[in-house]
Amino acid sequence: LPMAVEIAEITGRCGTERGVLEPFICIDEAGDKYYLKGSNCTAHGSIAEWLATNLAKAFGLPVPSPAIARVDPGMVDAMDDLKWQMDLKYEYYFASAEVPFAQTPNRSELNSVEEELKTDIAVFDCWVNNLDRKSGNVNLLFEPGVSALHVIDFNNAFDPDFSVASLEESHVFGDSLRAAAGDMFRRQSYQERMEQTLEGLERIIGQIPEEWIDSSTPEKGYI
């Protein structure tokens with residue numbers, strides 16, 4: 001298990017506009033801000049999130065720094081909000097570092113993203129069987145000041161009902177995926193990147209909290 005980020009305070013919770021799971025807004029003991037996905041993400045979703053986010057980082061996608069965060073059970077027991085308690089049933093959680101001032105990109109900001117990055121995101125989502133990046137729910141963040149895109153939310157990766165046709169039809173960058181599929185040179189290049197990315201897979205798997213594994217009953221394997 002990697003060194004867990006110790007959560008000192010849970011200051012609030014995101015509304016559904018930032019995700020149906022309503023991530024918790026937390027401050028760690030060093031004073032850094034994180035967004036933490038509760039146990040309503042499920043153990044299966046937490047494992048998928050940890051695997052896919054770390055693979056995305058190794059693949060070269062811009063993702064907010066992922067972390068395993070520990071919440072003291074005593075802190076949860078002392079909470080007044082029963083809904084919060086219900087969604088904080090674990091001791092360890094997936095968390096991602098805050099990206100200050102980032103917001104969901106509008107159509108103009110999405111169009112401004114470089115074509116290479118659009119393709120990288122679509123190809124990676126295809127690789128990890130992630131259908132959860134649709135035009136109406138892009139699961140992306142955009143920093144207006146520096147025009148930087150950040151890729152988030154992989155808890156629905158490794159979808160057993162995944163199909164490439166569904167991805168091409170629904171993905172926010174589906175057109176980029178179709179264009180890349182017909183380019184043999186780019187396909188070879190992506191194949192090499194995937195092989196390099198998988199070199200760190202054993203380490204990533206080894207960092208999964210046993211708590212998640214013990215609570216998870218996936219229908220199929222993750223990779």
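Tutor: Start with the lining. The second largest pocket is lined by 13 residues, and those nearest its centre are Val-123, Leu-177, Ala-181, Arg-187 and Met-194. Helix 8 gives the most, with 5 residues. By class, the lining of the second largest pocket has 9 nonpolar, 1 polar and 3 charged residues. The volume of the second largest pocket is about 310 Å³.

Now the ground rules. This is a predicted model, in which local features need pLDDT of at least 70 and side-chain atom pairs count only at pLDDT 80 or more, while totals for chains, interfaces and linings use all residues. Residues are numbered from 1 along each chain as its sequence is written, and side-chain values use heavy atoms, with hydrogens and water left out.

The terms come next. A pocket is an open set of points on a 1 Å grid over the protein atoms alone, where a 1.4 Å probe fits, with protein on both sides within 12 Å along at least five of seven lines; lining residues have an atom within 4 Å of a point. A volume is the space filled by probe spheres set on the points, which are joined across faces, edges and corners. Helices are DSSP runs of H or I with at least four residues, and strands are runs of E with at least two, numbered from the N terminus. Ala, Val, Leu, Ile, Met, Phe, Trp, Tyr, Cys and Pro count as nonpolar, Asp, Glu, Lys and Arg as charged, and the others, Gly among them, as polar.

Now the packing. Helix 5 and helix 7 pack at about 85°, with axes 8 Å apart (axes are lines fitted to C-alpha atoms, for helices over the stretch in contact, and angles run from 0 to 180 degrees between N-to-C directions). That makes helix 5 roughly perpendicular to helix 7 (65 to 115 degrees; under 35 is roughly parallel, over 145 roughly antiparallel, the rest oblique). Helix 5 brings Glu-115, Lys-118, Thr-119, Ala-122, Val-123 and Cys-126 to the contact, and helix 7 brings Ser-176, Leu-177 and Ala-180 (contact means heavy atoms within 4.5 Å). This contact has 5 nonpolar, 2 polar and 2 charged residues.

Helix 5 also packs on helix 8, at an angle of about 60° with the axes 12 Å apart. The two are therefore oblique to each other. Glu-116, Thr-119, Asp-120, Val-123 and Trp-127 in helix 5 meet Arg-186, Tyr-190, Arg-193, Met-194 and Thr-197 in helix 8. Here the classes are 4 nonpolar, 2 polar and 4 charged.

Helix 8 has another partner, helix 1 (43-59). Their angle is about 125°, and their axes lie 9 Å apart. Helix 1 and helix 8 are therefore oblique too, and this crossing is right-handed. Leu-55, Ala-58 and Phe-59 of helix 1 touch Tyr-190, Arg-193, Met-194 and Thr-197 of helix 8. This contact has 5 nonpolar, 1 polar and 1 charged residues.

Methods. A crossing is left-handed if the near helix is turned anticlockwise from the far one by less than a right angle, and right-handed if clockwise.
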